[in-house]
Amino acid sequence: MDHNLAVLIDGDNIPSAYVKEMMEEIAKYGNPTIKRIYGDWTNPRLGKWKGVLLENAITPIQQYGYTQGKNATDSAMIIDAMDILYSGKVNGFCIVSSDSDFTRLATRLREAGMQVFGIGEKKTPSPFIVACDKFIYIEILKQQSEDDTVDVSKSKSAAKSSIDKITSKEIRWISHTINDLADDDGWAFLGDVGSLLQKKQPNFDSRNYGFQKLTPLISSINNFEVERREDSKGRKKLIYVKIREKKRANSRRS
């Protein structure tokens, strides 16, 4: 059964260009029964949003900037989020913003047993990211859209700026996670590895590194071995991973 999600969008802080891709991503995690976007709609800067609200059934919430330099949108979103929480109509929230001011809100919602998904730009401060159960970078959604519509030769070069490279830090982090779950022979079920990686680092996403799924990402790293096994009924392939043993230098000198 799908979770019912409340989607709250910070219109002052998120670009409108990929709202369609963003809503498609949110649908993977639940049914967005409440969809609201907050901002001062008298401000011409939000004009681009107006054309996509009806197409995606997103309700605009007017919030005037009463004091210059103060973000009234944040307060309106937080108040609405708490009202929705106590209404009991949803099982989770999606907070769409790159603003660290929503860190405490995400924490409070999770304390109440809600699942919290975040969507924002890569500039999003770490405290907000780790306060969510899962955080998705909007740049990755942009890249996917471009890959689907642009010539392959062009899209590969255009996507480079959005893709991160796997570093030794990430490899150590994945290795520690495998060790946490490994059996006596060093093998761990990849599905469990992915779930634990997500809990440790909510912004972990194989798409950040240019892979649609976790399996090809892990397979691309020489430090790990991947093994496909059939389940007890022989109907399904189960994927396991272990840390590749390092060959000892000079161990086979003649």
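Here is a walk through this structure, from the whole chain down to single residues.

What you see is a predicted model, in which local features need pLDDT of at least 70 and side-chain atom pairs count only at pLDDT 80 or more, while totals for chains, interfaces and linings use all residues. Residues are numbered from 1 along each chain as its sequence is written, and side-chain values use heavy atoms, with hydrogens and water left out.

Let's start with the whole chain. It holds ten helices and nine strands; helices (H or I, at least four residues) and strands (E, at least two) are DSSP runs, numbered from the N terminus. Of its 254 residues, 45% count as buried, where buried means under 20% relative accessible area, exposed means over 50%, and partly exposed lies in between (1.4 Å probe, protein chains only). The accessible surface comes to about 14,600 Å², and carbon and sulfur atoms own 47% of that; such areas come from the Shrake-Rupley method with a 1.4 Å probe, and for residues only the protein chains shown count as cover. Take the contacts (heavy atoms within 4.5 Å) between residues at least 6 apart in sequence: 58% of them join residues at least 24 apart.

Now find the six-stranded sheet. Its strands form an open sheet in the order E3-E2-E1-E4-E5-E6, with parallel pairing. Strand E3 (59–62) and strand E6 (134–137) stand at the edges with a single partner strand each, so one side of each has no neighbour in the sheet. From one strand to the next, the twist averages 20°. Two strands count as paired if DSSP finds at least two bridges between them. In general, strands of a sheet pair through backbone hydrogen bonds, either parallel or antiparallel.

Five of the five residues of E4 are buried, so the strand is largely enclosed by the rest of the structure. In a regular strand the side chains alternate between the two faces of the sheet. In E4, Gly92, Cys94 and Val96 lie on one side and Phe93 and Ile95 on the other. Strand E1 (residues 4–10) is joined to E4 by five bridges, running parallel, and Leu8 has Ile95 as its bridge partner in E4. Ile95 in turn has Gly118 as its bridge partner in E5. To get from E4 to E5, the chain passes through helix H4 (residues 103–111) in a right-handed β-α-β crossover. Right-handed here means that, with the strands pointing away from the viewer, the path from the first strand over the helix to the second runs clockwise.

For a closer look at one residue, turn to Tyr38 in strand E2 (residues 31–39). Tyr38 is buried, with a relative accessible area of 0%. Tyr38 and Gln62 are 24 residues apart in sequence, and their C-alpha atoms are 6.3 Å apart in space.

There is a second sheet to meet. It is an open sheet of three strands in the order E7-E9-E8, with antiparallel pairing, and its edge strands are E7 and E8. Within strand E7 you will find Ala188, which counts as buried at 1% relative accessibility. Ala188 stands opposite Val241 in E9.

Helix H8 (residues 168–181) lies across E7, E8 and E9, running at about 115° to E9; such angles run from 0 to 180 degrees between N-to-C directions, with axes fitted to C-alpha atoms, for helices over the stretch in contact. The buried residues of H8 include Ile171, Ile174 and Ile178. An α-helix has 3.6 residues a turn, so residues three or four places apart point the same way. Among the elements that cover the buried residues of H8 are helix H9 (190–200) and strand E8 (224–230).
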